[in-house]
Protein chains: 2
Amino acid sequence: MISDRVTQMVARLKAVNLRLTPQRLAILRILADSEGHPSIEEIYRRMKPDFPTMSPATVYKTLTLLKALGEVLELGFPDGVNRYDGSKPYPHPHVICLKCKKIMDLEMGNLQPWIEAAARETGFRILQHRLDFFGLCPECRAKE
Amino acid sequence: MISDRVTQMVARLKAVNLRLTPQRLAILRILADSEGHPSIEEIYRRMKPDFPTMSPATVYKTLTLLKALGEVLELGFPDGVNRYDGSKPYPHPHVICLKCKKIMDLEMGNLQPWIEAAARETGFRILQHRLDFFGLCPECRAKE
DNA sequence: CTTCATGCAAAACATTTGCAGCTGG
DNA sequence: CCAGCTGCAAATGTTTTGCATGAAG
């Protein structure tokens, strides 16, 4: 499953004639991990042991590139720390723990009717959306 | 309508023994304006003519305070420019133009069933949510 | 009066950019 | 080879913080 997604992204890079460097491969592997919704800093930190010369700038550049290709979903937050989902790079709902910042995907209902209603009501052409639920995860609730 | 909301926020400040300065009042008036979802920079810019000595730090401090009181809704974006809604400080859906950054409120369906489904599926205690649609507004579509 | 708010400047972060040197294909 | 990538450092932009002065209650 996981490696399928890496393979997909690798193919995409090749398709547009971009290079597959060891650094990029490592980033793709981290992003493809469905459980993680890593921040730039976390990707950097996880790579550092294997790539001692690694620089955060390379992570930023690669993520900018993957965003442009539509191969990663960027989740911005008011505190300025963005998180990334490379496993499902299309809009989908998340639950986010306000305490430990864990992010989980949700498998649930279709938003299509709402998208159409929003378009009808406002005259917008809707291209993207974002639905997130914020709260306390079971672990953090237990620690209360 | 608009002044009702300002009155509400003023009352809230008094209730917790915070001071009502001319600067704060001006910020509240801007925030209460339903049409605007201003950024910090815009609030600052709109106040500057009337408050020549105004500093952006004061806007930041006041917004931090209002956030803590739950009197303003903060909308974060990946590009780092946050926007604020003081007219309806509770979660509600928005449509956002990707080109001109206009933000409009949406009057539409109830998310309650989804909140319950998310809680059931994940074990989270859901406290907040955010639903935004991104696209092109009628004006920007016309300019294409 | 006393406490809290303002506003300046400096600091703290996240992110972007410039550029020399390196390397994948 | 050589276009494109890496990685360092400097620049940028937003937000936070420290602190002396000023004003609300």
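Before I start, residues are numbered from 1 along each chain as its sequence is written, while chains are lettered from A and ligands numbered from 1 in the order in which they are written. Because the model is predicted, local features need pLDDT of at least 70 and side-chain atom pairs count only at pLDDT 80 or more, whereas totals for chains, interfaces and linings use all residues, and side-chain values use heavy atoms, with hydrogens and water left out.

Let me begin with the DNA. Around DNA strand D there are 18 residues, the closest being Arg19(A), Thr21(A), Thr53(A), Lys61(A) and Tyr60(B), where a residue is near a strand if one of its heavy atoms lies within 4 Å of it. Of the atoms of DNA strand D that come within 4 Å of the protein, 68% belong to sugar and phosphate.

Turning to chain A, the domain assignment, which is automatic or comes from a database, gives domain 1 (4-85) and domain 2 (94-143). Their centres, taken over C-alpha atoms, are separated by 23 Å. In this chain, 9 residues of domain 1 are in contact with 8 residues of domain 2, contact meaning heavy atoms within 4.5 Å.

How many residues does each chain bring to the contact of chain B with chain A? Chain B gives 39 residues and chain A gives 39 residues. Together these chains bury about 3,500 Å², of which 69% is on carbon and sulfur atoms; buried area is the accessible area, found with a 1.4 Å probe, that two parts lose on being put together, summed over both. Trp114(B), Phe124(B) and Phe133(B) supply 21% of the area that chain B buries against chain A, which is more than any other three residues. Across this interface the rule finds 0 salt bridges, a salt bridge being a side-chain nitrogen of Lys or Arg within 4 Å of a carboxyl oxygen of Asp or Glu.
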